[in-house]
Amino acid sequence: MSDKKVMLDVKNLKLYFRTQSGPVQAVDDVSFQLKAGHTLAVVGESGCGKTSLAKAVLRLLPRNIMTYSGSIVFDGVDIMKYDDERFRREIRWSNIASVPQASMNSLNPVVRIEDQLIEPLLIHEKISRQQARTRVAEVFEIVGLPVDFLQRYPFELSGGMRQRAIIAMALASNPKLVVLDEPSSALDLLSQANLMNVLKKIKQEINTTFILITHDIGTASELADEIAVMYAGKMVEYASAQYFYTDAHHPYSQKLMASVPTLREDKELEFIPGQPPSLINPPTGCRFAARCEKKFEKCSMQPNTTHLGNGATVQCWLFDETGEVKHA
Amino acid sequence: MQNIETAQGQSTVKRQRRMSSLNRVLKYVLVRGLTLLVTVTIGVYLAILIANGGGYVDEMRKGQIRESISIQMAGNPENAFLTLQERRELEESMVNTQIQQLGLHRPFAVRSFEYLWNGLTLDLGRADYLLSDSGSRQVRAILGERLGPTLILMATGQLILFFSSLALGLVLSRRYGSFLDKLIIALAPTSSAPAWFYGMFFILIFSAVLGWLPFGGMVGAPPPQSTFWRIMSTLKHMILPIAALVLSRLFSGAYSRRTFFLIYSSEDYVEMAKAKGLNDREIERRYVLRPTLPTIITSFMLTIIGLWTGAIVFETVFNWPGIGRLTQQAINMFDTPVIVATTVIYAYLLAATIFLLDIIYALVDPRVKIGGGGRS
């Protein structure tokens, strides 16, 4: 597993927004590596910067941007150095595709679905309309939609179908990386399960790297090879999914896991008292300190990133230097 | 093999779908046309009732007839030999004859429906007082003379206004927050004053003080002999009214368009288009302008209606010989046939525009399904 090449290497990524009441540190100094063919699930509460992380990777930035820095090495090239035009031509969709959060509303209401799906192919690849159509019909079958739905308009499809159409669009251009931003959040449970099965099938059949952003840890467990936990703009823990579900390190991750119902165990669900801090003027130390049961003096300073082996990292003073729990 | 069969199956399905949609469109057009006709009829009838003062204008006209005949009789020396009784009888019979000639003896309720029929069939009749420039009493001739000038002035002005505010709005939405954007927003309240208000100042500055442009009218006096110079003269007369028209609406128009485009460019599918790697121009064309096309067409059609109807005060200020000024003259003189005729023409034009709009709307927006047949 570890001999696979690194598809995405993010270092010190920062994304701050300018607002009336001060800068919002939506993504603050986030670093991680993702291997080719792996799926990374980014989990965390609402407003912790998951979507901003996705937007930062895709460079889909709003107008009120204040800081956008760090390095994103994608497939060996630092794409942060690309200017917008080069980024558009060489990276967008042909290499990094996305399924946005509101993907039900991400189809142009007055253009037929087929025309929207073949659009990126026509722009980025020198292929004929007919070839593009054939390709789109293929991926439409992969995501489990009837091919004649391509002739319809978005409003003639249900929300789940539209979501799958967007996934089909993301897959059509064979991108190396697909960012799925809460692909199932707006759907009912049955459609969610359906969509997850589609994604699992795709993962097995196509060797694409995925970043799956979700607040649903249960959903994440089905697909993820790696789990990244975000809290208040920081990536507090990054671990292999294999270990994460049984042995989460960061106190926040542990609490998060304790709040998820499981099938086979009979456990009392926990919740974390308090609110995440505001991303405008966040606390100087560990951002979780105010809600943490294991807080001690050092937590008033920003913890370093500690490597725990197997590529796992955690930002918590409990694990600093030795990698062992000091105050259990 | 199977592929070919399914392809054939698909094409028959498509053909059937096309046939049924054709039927649906025809049915829709018919129903829509009839509905509009009913609306026009009601509108015109109301206009007839109002223009006739609910029949009171008839009483006024009867009074006028009696007055003019008694003056005529008093001035006629032959009548000096008649007794008072005979004179009264003669006067009465003359008045009755004239009332019968004009058809005023029949009840107004009956005649109002005749007027309605005549109006709807565009049998516009004769004006009571107004004359066309060629001296005709035919309302049709009067209207025909006035429609042209209104169209020339209003079409030029409104089209310039429409497209310039659209373009300016697009530029502003691109440069949201820039100095130009803030300037136009600051100027938008100037549109609360009507065009003729700016027109008066323009006339004052450019005609009275500077003497560069004519005060009003459509051609110089005396009119130039050659057609070319007549056109040039008309163009020169159009500068001030059009400038006033455009200035009075441009800023608020551009402002509202800009806001409109900004709202539409924050739609999720616009960001999606960006993620897909489309360039800015393609995004603007396919993902901002295209979905807003129905709304833009609606406001364009409403502009067209505004352009037919002209502007009563505006044309009066610029002494422009159009429909607006005609309406003003007709109202001043109680010239009922002319008032009714202009109303009929407007009603028809309005209905035709709405009819056209309904059809275009269904063509450009797939979400508007013609005939309500549900999903196809």
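Me: Which strand of chain A is joined to β6(A) by four bridges?

Reply: This is a predicted model, where local features need pLDDT of at least 70, side-chain atom pairs count only at pLDDT 80 or more, and totals for chains, interfaces and linings use all residues. Residues are numbered from 1 along each chain as its sequence is written, while chains are lettered from A and ligands numbered from 1 in the order in which they are written. Strands (DSSP runs of E, at least two residues) and helices (runs of H or I, at least four) are numbered from the N terminus, and strands pair if DSSP finds at least two bridges between them. Strand β6(A), residues 96-99, runs parallel to its partner at residues 177-181, which is β7(A).

Me: How many residues of strand β10(A) are buried?

Reply: Strand β10(A) covers residues 234-240 and is largely enclosed by the rest of the structure.

Me: Which residue of β12(A) is the bridge partner of A:Glu237?

Reply: Strand β10(A) has antiparallel neighbours: six bridges join it to β9(A), residues 226-231, and two join it to β12(A), residues 312-314. A:Glu237 in β10(A) is the bridge partner of A:Val229. In β12(A), A:Glu237 is bridged to A:Val314.

Me: Which residue in the hairpin of β9(A) and β10(A) takes a positive phi?

Reply: The hairpin leaves two residues between its strands. A positive phi near 50° is found there at A:Ala232.

Me: In what order do the four strands of the open sheet in chain A lie?

Reply: The edge strands, each pairing on one side only, are β2(A), residues 22-35, and β5(A), residues 77-78. Strand β1(A), residues 6-19, is joined to β2(A) by 10 bridges, and A:Phe17 stands opposite A:Val24 in β2(A). The pairing is antiparallel and the order is β2-β1-β4-β5.

Me: Within what arc do the buried residues of α4(A) fall?

Reply: In α4(A), residues 129-142, the buried residues are A:Ala132, A:Val136, A:Val139 and A:Phe140, and A:Gln130, A:Thr134 and A:Glu141 are exposed on the other side. An α-helix has 3.6 residues a turn, so residues three or four places apart point the same way. The buried residues of α4(A) line one face because the directions from the helix axis to their C-beta atoms fall within an arc of 110°.

Me: Which residue just after α4(A) takes a positive phi?

Reply: The buried residues of α4(A) pack against α3(A) and α5(A), residues 159-172 (contact means C-beta atoms, placed from the backbone, within 7 Å). Just after α4(A), a phi of about 80° belongs to A:Gly144.

Me: Which element supplies the largest share of the side of chain A that touches chain B?

Reply: The contact takes 25 residues from chain A and 19 residues from chain B. In chain A, α2(A), residues 84-91, and α3(A), residues 113-124, each supply at least two residues of the side that touches chain B. The largest share, four residues, comes from α3(A).

Terms used:
Contact = placed C-beta atoms within 7 Å. Expected span 1.5 Å × (residues − 1). Buried ≥ 20, exposed ≤ 12 C-beta atoms within 10 Å, placed from the backbone.
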